[in-house]
Amino acid sequence: MGAMGASDAWETRGHHGRKVGSPSLAGVWTWLHDPSLGQGASRTGARLACLFWGTEIAIVLDGSGSIDPPDFQKAKDFIYNMMETFYTKCFKCRFALVQFGAVIQTEFDLNDSRDAHAALQRVRNVSQVKEVTRTASAIQHVLDSIFTPNQGSQENASKVIVVLTDGDIFNDSLDLSTVIQSPSMAGIERFAIGVGDAFNKTKANQELHLIASDPDETHVFKVTDYSALDGLLGSLEQRIISVEGAVGEALQFELAQVGFSAHVLGKQVLLGAVGAFDWAGGAMLYNTESHQFRFLNESLASHTAQYSYLGYSVAAVKSSRGTWYLAGAPRHGHKGRVLWFRPEDPARGFLPVLEGEQMGSYFGSELCALDVNADGLTDHLLVGAPFYHVLGEEGKVYVYRVHAQGFTPSATLSGRPQFAFARFGFAIAAVGDLDRDGLGDVAIGAPLEGFPAEGPASFGSIYIYNGLPQGIASSPSQWVRAAGLAPGLRYFGVSISGGGDLSGDGLVDVSVGSLGRAAVLRPLRASWAPTGHTFPAPGAEELSLNVTVELDVSKRWKRVLFQDRSPRSQRDWLVPGCSRFLLLPMEGEVCDHDCFSNITVKVSYHLNPLGGRGASPRPVLDELSEPTAHFQLPFEKDCKNQSACVAELKLTARLSPETIVVGVTKEVTMNIHLANAGEDSFLTRMTLVHPPNLQLKRIQKPSSPAVECADPTPAPRVLVMSCKIGSAVFKTSHVSSLLEAGSGARVDRFRLHYLSVIHGENPFGAKFVFEVCVPTKMQGHEIITLKNITATQVFKNYCRSAQGTGFEPS
């Protein structure tokens, strides 16, 4: 499969040159040739260092008295034009200018040239020093005062000297040959430009060739006068810049397309270079503060690396273990891969970490790191595979959860299934918090959704996925189609950017690219998630809500009503703001089983139509959230904790007779006394369990609180009777009751279970259990004795239980 050319890359990227919002650096990114890398040189770090550190060019200008002022001006113009040309075509060129004559002076050094405009202005301001021609001393000055660290020179940078003179050396104390052969000159490439007839003489010609590096035919230039200097620009540019990144016979950085993708992370800029090394690709890491570069790629030893387009997309992921740099290689191994570079292991370069599942899907062509909860760490990585195919090229996005060890598959996202050639996932962008819930959202483009469209019809769309506390929503909250926005929007969704407020309304906007146009989408969402009795609205603008309030919705019989004696009320009100309701208790006994549990209040709401807003966008409610809220309205209670009262019940029982004799005892009387030493106990119940041949004759009830007992109901081998003891047993209350029962022919055992269930507003469902076993005799033998018949609650984790114990069989 052949390499993709520039025109192919344009086509594949969906007819767009650069993504909206993807940070990129202006200008043409070009590599300088390193002359120290000979034929067949290997691609190792030390020998390619100059490619990453740029080139330092020292221009040595003859300002001696033999040059007329108009010619000196032409020399300055030539230097100005050369620097201006190199600034636009050279990846990282820096300049210094040294003039020699009566004195040798630095007009500006390498540090000064970082500001291109200022450096060019300094060229215009140079004044001629005149007098003698001290060329050797001027070159030595470059070695001593220009190519030194304190003047901004980088050790690994490629170094070039360009000498511009009009004749031979005159009145110079240094020997030219000694200077050229100095050890400090090693690795410096020298170009010599001679102007005028003086170089027809042997001495001047020999000096010119001695100044220049070998071979002379590519490093020595001669012109008849200063007017002819501009004709050298093309040749000099070709010699110095040469073919972009040529190393021996390998065009390693030709058409590298550095900046094809970009990601800015603080002071670090990660730039994709898909065309580097014969389209194997790579990425450049650039520090904007130190101006240091580092080229990162995968070893060429891997046969899958060729034509993999590494750097097609780039991203940075922040994990708890540091920052990882990622690059997509959509043609890596034909399935596509994502590779990562970890700064803690720099020697290994980019290593594969994620692999696509389908050939030709272009997995890794788009990367998006998403920090959902805004804690500074990346929560999810989204990887686009826009050519994923089932029936056509539907596209798919893979979601990975980020953790300290790497990435774990979390979910996959897809567009509408009816669009077979949508290329869903062609663009992915974190767009900020669109729904104002504090969690980051993401937008995914499908630029060919609805293609082909004839005439002014639009096609393409984007999908909005909201962030959730546990991840990313599996379904989009919004589907924005070009056809619903404006005519003529073609390839809508080819690029996406978000997180900025372009409209100045305090809400984040989303910019979406299309062919030749871009659309800015303003949020219409006004999301309410009521957590109290008030409704917050975004911004200071008042909105009108239509609200319906329903009381005691969980109960058939309502315990409270509105003033009009209805359990339902509807009204309009403006938010932000409050609306008050008066509630009245229901008359009569309607809470047979539950008098004191919380009143559940349901609030339903929707926006009223807004008029007179003109072109301003109309707010809407969150489409994914139900426009309802539920509140719990508790009864007022005399308890320390209003959500749960803690009772402390104590039960005592006295039997008469104290012993039952089978065949002799005819009646049994039990006096039960219940006391509450704690907080109020609501809906207290007592359950009596006894043998079926023991017949209940009478219950003597206290006057207060009311005790109501139901008829006994059969259960396996026993009868069960339930008694309700008032609506509440208040603290410091005492309840006494007398029960009389008659026995049948035989009573093997009499058990009395007391069960107090405290519920209503109490969430723990506490139970109080008490069991009494009555001593029974048969034929003179005592078969059961009673050791203790008193039990009190045991408090532990709000689960209160107590049981009479100590029963000893005789």
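1. A quick definition to start: a residue is called buried under 20% relative accessible area, exposed over 50%, and partly exposed in between, using a 1.4 Å probe and protein chains only. Keep in mind that this is a predicted model, where local features need pLDDT of at least 70, side-chain atom pairs count only at pLDDT 80 or more, and totals for chains, interfaces and linings use all residues. Residues are numbered from 1 along each chain as its sequence is written, and side-chain values use heavy atoms, with hydrogens and water left out.

2. On to salt bridges, meaning a side-chain nitrogen of Lys or Arg within 4 Å of a carboxyl oxygen of Asp or Glu. The count here is 9. Glu56 and Arg94 make one of them, at 3.0 Å from N to O. That pair links distant parts of the chain, with Glu56 in strand 1 (residues 55–62) and Arg94 in strand 2 (residues 93–100), 38 residues apart. Helices (H or I, at least four residues) and strands (E, at least two) are DSSP runs numbered from the N terminus. Glu56 counts as buried because its relative accessibility is 1%, and Arg94 is buried too, at 5%. Lys159 joins Glu56 and Arg94 in a network of salt bridges.

3. Which residue does Glu207 meet in a salt bridge? The partner is Lys203, at 2.7 Å from N to O. Both sit in helix 7, 4 residues apart, or about one turn of the helix. Glu207 is buried at 14% relative accessible area, while Lys203 is partly exposed at 43%.

4. Glu357 and Lys396 form another salt bridge, at 3.4 Å from N to O. Glu357 lies in the loop between strand 16 (351–355) and strand 17 (366–370), and Lys396 lies in strand 19 (residues 396–403), so the pair ties together parts that are 39 residues apart in sequence. Glu357 is partly exposed, with 46% relative accessible area, but Lys396 counts as buried at 13%.

5. Now the aromatics. Rings of Phe, Tyr and Trp (its six-membered ring) pair if their centres lie within 6.5 Å; planes under 30 degrees apart count as stacked, over 60 as edge-to-face and the rest as tilted. That rule gives 21 aromatic pairs. Tyr325 and Phe341 are stacked, 6.4 Å centre to centre with 25° between the planes. Tyr325 belongs to strand 14 (residues 322–329) and Phe341 to strand 15 (residues 337–341), 16 residues apart. Both Tyr325 and Phe341 are buried. Phe459 and Tyr491, by contrast, pair edge-to-face, at 5.0 Å centre to centre and 75° between the planes.

6. There is also a ring cluster: Phe260, Trp279, Tyr309, Tyr312, Tyr362 and Phe387 are linked by ring pairs. Tyr309 is in the loop between strand 12 (292–296) and strand 13 (313–319), and counts as buried at 1% relative accessibility.

7. Other backbone points to check. Most residues other than glycine have a negative phi, and most peptide bonds are trans. Asp278, in helix 10 (residues 276–279), has a positive phi near 55°. The peptide bond from Asp214 to Pro215 is cis, with omega near -5°.
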